[in-house]
Amino acid sequence: MTANILRLSPAAERNKHPILEKLREHLPEEASVLEIASGTGQHAAWFTGQMPRWRWQPTDFQADALPSIRAWAAEASAGQVLPPLQLDVLAPVWPVEPATFDAVYCANMLHIAPWATCAALMQGAARCLGTAGVLVTYGPYLEDGVSTSPGNVAFDASLRSENAQWGIRRREDVEQEAQRAGLRLQARLALPANNLLLVWGREP
């Protein structure tokens, strides 16, 4: 039965190792993490399997994603993965306690969601993070003064043809929304396949 529920993202399988390597550098060994747009649930299960003192709260906008998230946690015997919650980033109130998380983690959401979700993510993360907490975003970005790979150019065109509200975001535009929420870019880390992992923290 569980096998029928499990959804598999090849991209999540490929990128889990390099992402975890960087998360270990920026998160404490014992941490409470809120994941936005958990998707299949693969990252929640695998990351906590490698870091048993991370307590992980997965969420997703799509209610039909929640069974797969639960199934991946059960498959990995990841007891520190909490029951997934349905969460709409655009909602003014999120179904979690404010100021209680060491990290908010969001992978591959901004380019497949309306631009308004970027500001909402930044504002919501600022509400949910503790004083020294960080927001970690992962995915493809466009950057001023940095050549865009042919693959990302094609990917961006494909996204925009599928939905006019989608598309790879300029890092500088994302940074402006973060600053409005009181967050600043602390680290820009290049990962395989022309993706970036960005770490955001509170303004000093």
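This is a predicted model: local features need pLDDT of at least 70, side-chain atom pairs count only at pLDDT 80 or more; totals for chains, interfaces and linings use all residues.
Reader: Which residues of α6 are buried?

Author: Asn152, Asp156 and Leu159 are buried in α6. Each therefore falls under 20% relative accessible area.

Reader: How do you know that they lie on the same side of α6?

Author: By the arc. These residues cover only 65° around the axis, which puts them on the same side of the helix.

Reader: What does the face turned away from the buried side of α6 carry?

Author: That face carries Pro150, Ser161 and Glu162. They are called exposed because each is over 50% relative accessible area.

Reader: How do you know that the span of helix α5 (residues 116-128) agrees with its 13 residues?

Author: The same kind of check. At 1.5 Å a residue, α5 should span 18 Å. Its end C-alpha atoms are 18 Å apart, so the span agrees.

Reader: Which residues of α5 are buried, and what do they pack against?

Author: Buried residues of α5 include Thr117, Cys118, Leu121, Met122 and Cys128. The buried residues pack against strands β1 (31-36), β4 (101-107), β5 (129-139), β8 (183-191) and β9 (195-202). They also pack against helix α7 (171-180).

Reader: Why is strand β2 (residues 54-60) called largely enclosed?

Author: Count its buried residues. Six of the seven are buried, so the rest of the structure largely encloses β2.

Reader: What makes β1 and β2 a pair?

Author: Five bridges join them. At least two are needed, so β1 and β2 pair. They run parallel. Glu35 stands opposite Pro58 in β2.

Reader: What about β2 and strand β3 (residues 85-86)?

Author: Two bridges join them, and they too run parallel. The threshold is at least two, so this counts as a pair. Thr59 stands opposite Leu85 in β3. The chain gets from β2 to β3 through helix α4 (residues 66-75), in a right-handed β-α-β crossover.

Reader: Which elements make the β-α-β unit with β1?

Author: Helix α3 (residues 42-50) and β2. That unit is right-handed.

Reader: What is the order of the strands in the open sheet?

Author: The seven strands run β3-β2-β1-β4-β5-β9-β8, with mixed pairing. Elsewhere, β5 and β9 are joined by six bridges and run antiparallel. Thr137 stands opposite Leu198 in β9.

Reader: Why does Arg171 count as buried?

Author: Its relative accessibility is 14%. The cut-off is under 20%, so Arg171 counts as buried. Arg171 lies in helix α7. Beyond its neighbours within four places in sequence, its contacts include Tyr141, Glu143, Arg188 and Leu198.

Reader: What makes the pair of Arg171 and Glu172 a polar contact?

Author: The distance between their side chains, for one: 3.4 Å. The limit is within 3.5 Å, so this pair passes. Adjacent residues count only if both atoms are side-chain atoms, and here the contact is side chain to side chain.

Reader: Why is Leu129 called buried?

Author: Its relative accessible area is 2%. That is under 20%, so Leu129 is buried. Leu129 is found in strand β5. Leu129 and Pro98 are 31 residues apart in sequence, yet 7.0 Å apart in space, C-alpha to C-alpha.

Key:
Residues are numbered from 1 along each chain as its sequence is written. Side-chain values use heavy atoms; hydrogens and water are left out. Helices (H or I, at least four residues) and strands (E, at least two) are DSSP runs, numbered from the N terminus. The expected span of a helix is 1.5 Å times one less than its number of residues. Buried means under 20% relative accessible area, exposed over 50%, partly exposed in between (1.4 Å probe, protein chains only). Contact means heavy atoms within 4.5 Å. The arc is that of the directions from the helix axis to the C-beta atoms. A crossover is right-handed if, with the strands pointing away from the viewer, the path from the first strand over the helix to the second runs clockwise. A polar contact is a pair of N or O atoms within 3.5 Å; within protein, one must be able to donate a hydrogen and the other to accept it, and residues adjacent in sequence count only if both atoms are side-chain atoms.
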